[in-house]
Amino acid sequence: MDSFESDDGYVIVQLEPGDLVLESLREAIDDHDVDTGAVVSGIGTLSNFNFHYVHTTDISDPDARNTYVEREGAWEVTNVEGVIADGEPHLHVSAYDGEETVGGHLEEGNEVNVLGEFTIRKIEGLDLTREKTGELRISQLTER
């Protein structure tokens with residue numbers, strides 16, 4: 001993994017074959033002191049694809065509303081984006097394997113196949129965190 005920071009708060013993260021996407025992005029976020037920000041662009045290829053999605057409109061049971069998916073094979077990542085709050089990314093991803101496009105919440109363990117290129121934008125003057133609120137225990141952005 002390599003990362004490069006501009007004078008105006010953009011961080012470009014370059015991943016190589018074998019790098020893990022979410023884990024590497026967390027490392028870059030830490031290396032560049034990104035507390036609040038956004039992943040505004042992400043492209044690349046994966047040799048496996050791990051994600052989850054909400055599969056029901058009945059979200060009353062936090063432990064039963066998500067489906068976790070692990071797919072093997074080559075995947076072309078068409079987009080990764082999301083919010084970074086309190087230094088932790090919440091990212092969504094879509095990818096295509098030549099037959100279908102699927103997507104959801106990016107999970108750990110996604111290995112780069114050929115390349116990965118991501119753009120992070122630091123947001124100064126805003127201090128966000130996530131808190132599980134209400135009966136449904138849904139993680140919501142709040143300002144500290």
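**A charged patch and a ring cluster**

Glu-27 is partly exposed, since its relative accessible area comes to 43% (buried is under 20%, exposed is over 50%, and partly exposed is in between, with a 1.4 Å probe and protein chains only). This is a predicted model, where local features need pLDDT of at least 70 and side-chain atom pairs count only at pLDDT 80 or more, while totals for chains, interfaces and linings use all residues. Residues are numbered from 1 along each chain as its sequence is written, and side-chain values use heavy atoms, with hydrogens and water left out.

Glu-27 sits in helix 1 (residues 21-31); helices here are DSSP runs of H or I with at least four residues, and strands are E runs of at least two, numbered from the N terminus. Together with Asp-30, Asp-31 and Asp-33, Glu-27 makes up a patch of negative charge on the surface (patch residues have over 30% relative accessible area and no salt bridge, and like charges are joined within 9 Å). A salt bridge would need a side-chain nitrogen of Lys or Arg within 4 Å of a carboxyl oxygen of Asp or Glu.

On to the rings. The count of aromatic pairs is two (ring centres within 6.5 Å; planes under 30 degrees apart are stacked, over 60 edge-to-face, the rest tilted). Phe-49 and Phe-51 have ring centres 4.6 Å apart and planes at 35 degrees, so this pair is tilted. Phe-49 is buried at 0% relative accessibility, and Phe-51 is buried at 3%. Phe-49 and Trp-75 are also a tilted pair, because their planes lie at 55 degrees, with centres 5.2 Å apart. That pair links distant parts of the chain, with Phe-49 in strand 3 (residues 37-54) and Trp-75 in strand 4 (residues 66-85), 26 residues apart. Trp-75 is buried, as is Phe-49.

Definitions and conventions
Patches are made of residues with over 30% relative accessible area and no salt bridge: like charges are joined within 9 Å, nonpolar side chains (Val, Leu, Ile, Met, Phe, Trp, Tyr) within 5 Å. Accessible areas come from the Shrake-Rupley method with a 1.4 Å probe; for residues, only the protein chains shown count as cover. Lys and Arg count as positive and Asp and Glu as negative; His and the chain ends are not counted. The place of a charge is taken as NZ of Lys, CZ of Arg, CG of Asp or CD of Glu. Rings of Phe, Tyr and Trp (its six-membered ring) pair if their centres lie within 6.5 Å; planes under 30 degrees apart count as stacked, over 60 as edge-to-face and the rest as tilted.
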